[in-house]
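Hi,

Here's the structure I promised to pass on. Have a look at it first, and then read on for what turned up.

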Amino acid sequence: DMAYPPLILASTAAAFGYDVTVFHTFWGLEILHEEHSSDLQLSAVGNPNMPMPNAVAALPGMDAMTSRMMRKRIADNDVASVEELIQMSLDTGVDLQACQMTIDLMDYDEDDFYDGVTVGVGAATAFQEMVDADIQLLV
């Protein structure tokens, strides 16, 4: 559920002709990792979108179950997958940036990201783009 808002907003803004940059750090890099993006998990604990008490949500296997339920709901409603939104974003010119510090910290291989993802970007560069932006969103 954390992958969808920035990708939907980015691809929609790009479709309207805006120049869009999305800076990904820490867990956000999982979205850009080609092998991991299809296996993202939905956390059931503390998630306001999950209509269950945390005591139930904390049971073993609940994250996997809620993730399967969400994937089914997405498919049943013809909503684009995370992978499709990433490709749509890249195809419409969205600059999907991967934080270099996090890449180094988490020992990611840059070749594992989707083709077209910008690597080698730091927080200072991202911040400078934010300063010059007309619209800024934090999701």
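Predicted model: local features only at pLDDT ≥ 70, side-chain atom pairs only at ≥ 80, totals over all residues.

The side chain of Ser11 reaches the backbone oxygen of Ile8, at 3.3 Å.

Ser11 sits in helix H1, which covers residues 4-15. Is Ser11 buried or exposed? With a relative accessible area of 6%, Ser11 counts as buried, because the cut-off for that word is under 20%. Leaving aside residues up to four places away in sequence, Ser11 touches Leu85, Met88, Ser89, Thr92 and Val94.

Next, helix H5, residues 82-91. Its buried residues are Val82, Leu85, Ile86, Ser89 and Leu90. Looking down the axis of H5, you'll find the buried residues within an arc of 135 degrees, so they line one face of the helix. And what do those residues pack against? Their partners are H1, helix H2 (29-32) and strand S2 (95-99). After H5 comes Gly93, with a positive phi near 95 degrees.

Last, the core. The largest nonpolar core has 23 residues, and Ile86, Leu96 and Phe113 have the most contacts inside it. H1, H2, H5 and S2 are the elements that give two or more residues to this core. As a general point, nonpolar side chains in soluble globular proteins tend to be buried together.

Cheers

Methods
Residues numbered from 1 in each chain as written. Heavy atoms only, no water. Helix = DSSP H or I, 4+ residues; strand = E, 2+ residues; numbered from the N terminus. Buried < 20%, exposed > 50% of the residue type's maximum accessible area, 1.4 Å probe, protein only. Polar contact = N/O pair within 3.5 Å; in protein donor to acceptor, adjacent residues only side chain to side chain. Contact = heavy atoms within 4.5 Å. Arc of directions from axis to C-beta. Core = buried A, V, L, I, M, F, W, Y, C linked by side-chain atoms within 4.5 Å.
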